[in-house]
Amino acid sequence: MTDRRTVLTAIASCLAMPATAYARRSIAGADDGVVLYANVGAGLTLYDVDVKALTLTPRETVTLPDAVQYVWPHRTRQFLYAITSDTGPGNGASAGSSHHLQALRVSLESGALSLHGPAVALPSRPIHVSTDVPSDHVLVAFNKPSAMRIYRINLDGTAGTEVEQNAVVDFGIYGHQARVSPDNRLAVLVTRGNQGTSIHAEEPGALKFFAYHDGRIANERSIAPDGGRNFGPRHLDFHPTRPWVYLSIETQNQIALLRMRDGSIEPELLYRTSTLPSSGGGPARQAAGPIHVHPNGRFVYGSNRAEQTESTHGTDVFKGGLNGIVVYAIDQRTGEPRAIQHVDTHGIHPRTFHIDPSGRMLVAEHNLPVMVRDRDTLRRVSAGLSVFRIADDGTLSFVRKYDVDVGHRSMFWMGMMSLPSAAA
């Protein structure tokens with residue numbers, strides 16, 4: 001009897017190894033057929049990408065059930081999995097009443113998207129989504145309450161039913177990312193916790209990881225230095241060839257290195273280093289953002305974010321702070337990340353950024369328009385997409401910004417991938 005993995009392998013038999021912003025492939029020959037997807041509210045827009053010219057051209061938009069929170073590709077790149085919600089981020093946001101997992105079909109020729117099968121209702125606002133390595137299952141992270149749920153992917157690529165879990169586990173506080181390890185043996189939930197305030201005590205953060213097999217998790221373990229105090233992790237990324245895990249620590253504005261050994265993650269955080277320049281941040285709250293290892297494994301990139309405003313004569317104005325990308329060179333012997341550049345992204349709050357599959361172009365997304373001080377006047381900085389050239393030494397040079405009118409909505413996610421028909 002033919003099993004589902006054999007069928008999926010047959011579907012993808014004409015394709016090369018998957019090449020997405022998440023699944024690594026050879027850098028050679030990755031020029032053609034790159035597309036970018038970015039949302040504004042519930043609309044997810046396709047952009048054609050010219051990696052040589054470093055340009056983006058918007059094409060068409062598909063409307064999802066609710067505002068897009070995050071998107072992840074199937075290993076064949078023929079489908080995307082989007083999570084949506086009618087509420088926003090943060091502890092003060094309402095619970096909302098409409099949350100979904102929606103599969104999308106990708107046109108092999110153009111990258112155009114269409115809804116693929118019915119949306120799966122989710123119990124609360126999802127914050128991150130990914131698939132396991134064979135794309136047999138979708139992993140969804142939730143922040144309130146903190147959780148990780150796993151859903152089947154049907155043979156036709158549509159989103160399926162939730163996998164019932166037998167283990168009773170602790171999902172920590174404020175889940176922010178769900179991933180599986182490159183060998184598909186571990187599932188990891190990054191839980192940020194919450195910083196302390198004048199009226200609320202600090203809630204500890206942690207990395208929660210589990211033995212993973214066929215959509216089921218077991219044997220929960222936790223990495224939480226000093227009991228999770230002064231430790232607010234947000235996202236992690238895996239090195240493409242070495243047993244190194246790079247972790248973005250949001251609330252302490254740091255990144256750190258962890259090592260994998262014998263199918264597990266070692267508990268020690270190595271080379272814990274700041275994302276901020278030596279001069280520090282600004283008057284607004286600084287928060288480290290997502291983290292991505294370059295496809296060649298020689299560099300790792302993180303973001304610094306600030307967005308707080310203050311009222312000036314009745315107008316909300318940016319308080320000041322750093323919004324940019326920090327570039328680290330990776331010591332190929334030890335894995336140590338060493339900061340070599342801090343570059344401004346020309347917008348406020350770069351919540352997501354991505355590297356194209358060839359490793360020569362980085363695009364950063366900015367959520368909302370914000371008024372900023374410009375000497376004695378105020379000017380409006382729009383939401384949008386900032387494009388950078390990646391040099392051979394990993395450093396970035398700003399090329400252009402595409403302003404996007406988001407109206408009353410938010411530009412919350414973007415990502416790039418190669419089309420299936422562009423496989424070498």
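Me: What makes a charge count as sitting over a ring?
Reply: A charge sits over a ring if NZ of Lys or CZ of Arg is within 6 Å of the ring centre and within 35 degrees of the ring normal. Before we use that, please note that this is a predicted model, where local features need pLDDT of at least 70, side-chain atom pairs count only at pLDDT 80 or more, and totals for chains, interfaces and linings use all residues. Residues are numbered from 1 along each chain as its sequence is written, and side-chain values use heavy atoms, with hydrogens and water left out.

Me: Which ring does Arg192 lie over?
Reply: Arg192 lies over the face of Tyr174, at 3.9 Å from the ring centre. The limit is 6 Å, so a distance of that kind passes. Arg351 is placed over the face of Phe412, at 3.7 Å from the ring centre.

Me: What does the pair of Phe388 and Phe398 tie together?
Reply: Strands (E, at least two residues) are DSSP runs, numbered from the N terminus. Phe388 lies in strand 32 (residues 383-390) and Phe398 in strand 33 (residues 396-404), so the pair links parts that are ten residues apart in sequence.

Me: How do you know whether Phe388 is buried or exposed?
Reply: Buried means under 20% relative accessible area, exposed over 50%, and partly exposed in between (1.4 Å probe, protein chains only). Phe388 has 0% relative accessibility, so it is buried. Phe398, at 32%, counts as partly exposed.

Me: What makes strand 22 and strand 27 edge strands?
Reply: Two strands pair if DSSP finds at least two bridges between them. In the open sheet of four strands with the order 22-23-26-27 and antiparallel pairing, strand 22 (287-293) and strand 27 (337-344) each have a single partner strand, so one side of each lacks a neighbour in the sheet.

Me: How do you know that strand 22 pairs with strand 23?
Reply: Five bridges join strand 22 to strand 23 (residues 299-305), and at least two are needed, so they count as a pair. His292 stands opposite Tyr301 in strand 23.
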